[in-house]
Amino acid sequence: MCKALIFGCVAAVILMSAAYGAPLNWTQKAARLEASIADLGLLKDFDNVSGDFLLPEDSFECNHTTLACFLKELEVLKQDLEEDKQQPVINIQKNLEDFMDPNFSNPTCKKCEANEKKKFPEFHQEMTRFLQSMQKEIV
């Protein structure tokens, strides 16, 4: 009876981890970053992107804030694209959402709105560079 109870508890923990999203291991993180960089590459030649994008600061202490800002700007980009060209942006958002830490707070990091506005090519280049730096940290 005790064994059944223990196995039941272990099964419940496994199911809860799967349902609520267990933390990613380094292999999963690396794969998601690689996929995000590849999807970002698909956006490189989009020439009909109008508007400006906030370009977050890129300091090691503010990686979570920087990522959050990039994700907010991806939402702006998605709205700016025609529906048939939105899939790479959606893929990037899904791949990076598990990197976010809702409890992260650093008062020295700039709020997204305080960052400089840039055109899409520079935003694209900086986001690619940022994801590549995240990739190097994992490996």
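Which residues have the most contacts inside the largest nonpolar core? They are Leu43, Leu74, Leu77, Leu96, Phe123, Met127 and Leu131. The model is predicted.

## Nonpolar core

The largest nonpolar core holds 25 residues. At least two residues of this core come from each of helix 2 (26-43), strand 1 (53-55), helix 3 (63-80), helix 4 (87-96) and helix 5 (120-138). Helix 5 gives the largest share, six residues.

Leu43 is among the residues with the most contacts inside the core. Setting aside neighbours within four places in sequence, Leu43 touches Leu77, Leu81, Pro88, Val89, Ile92, Phe120 and His124.

## Overall layout

The protein chain contains five helices and two strands. Their order along the sequence is α-α-β-α-α-β-α. The chain has 139 residues, and 35% of them count as buried.

Among contacts in the protein chain with a separation of 6 or more, 85% join residues 24 or more positions apart.

## Helix 3 against helix 4

The axes of helix 3 and helix 4 come within 10 Å and cross at roughly 155°. Helix 3 is therefore roughly antiparallel to helix 4. The crossing is left-handed.

Helix 3 makes the contact through Leu67, Leu71, Leu74, Glu75, Leu77 and Lys78. Helix 4 answers with Val89, Ile90, Ile92, Gln93 and Leu96.

## Helix 2 against helix 4

Helix 2 also packs with helix 4, at an angle of about 160° and with the axes 9 Å apart. That angle makes helix 2 roughly antiparallel to helix 4. Helix 2 passes helix 4 in a left-handed crossing.

On helix 2, the contact uses Arg32, Leu33, Ala35, Ser36, Asp39, Leu40, Leu42 and Leu43. On helix 4, it uses Pro88, Val89, Asn91, Ile92, Lys94, Asn95 and Leu96.

## Confidence

Mean pLDDT for the protein chain is 81. A value of 70 or more is reached by 81% of the residues. Helix 4 has the highest confidence, at a mean of 96. Helix 1 (residues 2-20) has the lowest, at a mean of 42.

Over residues 2-20, pLDDT is below 50. This stretch has two contacts in the model beyond near neighbours in sequence. Where pLDDT is low, predicted coordinates should not be read in detail.

Terms used. Residues are numbered from 1 along each chain as its sequence is written. This is a predicted model: local features need pLDDT of at least 70, side-chain atom pairs count only at pLDDT 80 or more; totals for chains, interfaces and linings use all residues. Side-chain values use heavy atoms; hydrogens and water are left out. A nonpolar core is a set of buried Ala, Val, Leu, Ile, Met, Phe, Trp, Tyr and Cys residues joined through side-chain atoms within 4.5 Å. Buried means under 20% relative accessible area, exposed over 50%, partly exposed in between (1.4 Å probe, protein chains only). Helices (H or I, at least four residues) and strands (E, at least two) are DSSP runs, numbered from the N terminus. Contact means heavy atoms within 4.5 Å. pLDDT is the predictor's confidence in each residue, from 0 to 100. Axes are lines fitted to C-alpha atoms, for helices over the stretch in contact, and angles run from 0 to 180 degrees between N-to-C directions. Angles under 35 degrees count as roughly parallel, over 145 as roughly antiparallel, 65 to 115 as roughly perpendicular and the rest as oblique. A crossing is left-handed if the near helix is turned anticlockwise from the far one by less than a right angle, and right-handed if clockwise.
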